[in-house]
Amino acid sequence: MSIQRHTQIEKTLDALHEDAKKDYLRIGKGIVKSAFRPIKPQDFANVYLPISRSQGHNLKQLVIDNNCKNIIEFGTSFGISTIYLAAGAQQTNGKVISTELIASKADRAQKNINDAGVQDFVNIKIGDAMETLKTNSDPIDFLFLDGWKDLYLPLFQMLETNFHKGTIIYADNMDMRGTEAYANYILGKKENYSTQSVDEGKGFLTIAR
């Protein structure tokens, strides 16, 4: 990676992480909207809900160290995690297929990805990931789960036939409600998957045996 491209990525990520610090204000507005009904993804259309810098660097390094080429991300949001994954993919000559339910978020993510200069390594699919990914038939080297929590398990099971020995699955926010079914499934299939808790319990890092 050239020094110029590295600087472009880091500059974009710095600006995004800084703006994401205001999420507490945006989240408050979303909660107000859902005061008399269940929370919906649209309530957080203006919220980053980002991974941390350390998580991002860990994701990038996992991609590089394991030479991951076919990378799938569930939950683009504004593209912070996507940029980290793409920064790894450009070193492995790989590609990130990312998914985002909300079109306005996908548009902003695409702009941020363009600003970082990694657009050649990313393809964002807009809509319900259970639909946009159901025709995927390529082997999956890396799967990052960071979307709506109760979809972790059905999405994982839908893509499971595309895993191979050594496929890496990183599930974020495993300390949140809605992830229990996924956790029980993964931990109950020790013959197929090796799983450890990472990032102080925030994530599950799973490797297919």
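Of the 209 residues of the protein chain, 49% count as buried, where buried means under 20% relative accessible area, exposed means over 50%, and partly exposed lies in between (1.4 Å probe, protein chains only). The model is predicted, so local features need pLDDT of at least 70 and side-chain atom pairs count only at pLDDT 80 or more, while totals for chains, interfaces and linings use all residues. Residues are numbered from 1 along each chain as its sequence is written, and side-chain values use heavy atoms, with hydrogens and water left out.

The protein chain contains eight helices and seven strands; helices (H or I, at least four residues) and strands (E, at least two) are DSSP runs numbered from the N terminus. The C-alpha trace spans about 50 × 45 × 35 Å along its principal axes. Among contacts (heavy atoms within 4.5 Å) between residues at least 6 apart in sequence, 72% join residues at least 24 apart. The accessible surface comes to about 10400 Å², and 52% of this area belongs to carbon and sulfur atoms. Accessible areas come from the Shrake-Rupley method with a 1.4 Å probe; for residues, only the protein chains shown count as cover.

There are 25 positive and 25 negative side chains in the protein chain, and the centres of the two sets lie 3 Å apart. Lys and Arg count as positive and Asp and Glu as negative, without His and the chain ends; the place of a charge is NZ of Lys, CZ of Arg, CG of Asp or CD of Glu. A search of the whole structure finds eight salt bridges, each a side-chain nitrogen of Lys or Arg within 4 Å of a carboxyl oxygen of Asp or Glu. One of them joins Lys-134 and Glu-131 at 2.8 Å, N to O. Lys-134 is partly exposed at 49% relative accessible area, and Glu-131 is partly exposed at 45%. Another pairs Lys-22 with Asp-19, with the closest N and O atoms 3.8 Å apart; Lys-22 is partly exposed at 45% relative accessibility. In the salt bridge between Lys-149 and Asp-146, the closest N and O atoms are 3.6 Å apart, and both residues are buried.

Asp-146 lies in the loop between strand S4 (142-145) and helix H7 (152-159). Its relative accessible area is 13%, so Asp-146 counts as buried. Beyond four places away in sequence, residues touched by Asp-146 include Phe-74, Gly-75 and Tyr-152. Thr-99, in strand S2 (residues 95-100), is buried with a relative accessible area of 2%.

Met-174 occupies the loop between strand S5 (168-171) and helix H8 (180-187). Met-174 is buried, at 10% relative accessibility. Not counting residues up to four places away in sequence, the contacts of Met-174 include Tyr-152, Tyr-182 and Phe-204. Met-174 and Ile-207 are 33 residues apart in sequence, and their C-alpha atoms are 16 Å apart in space.
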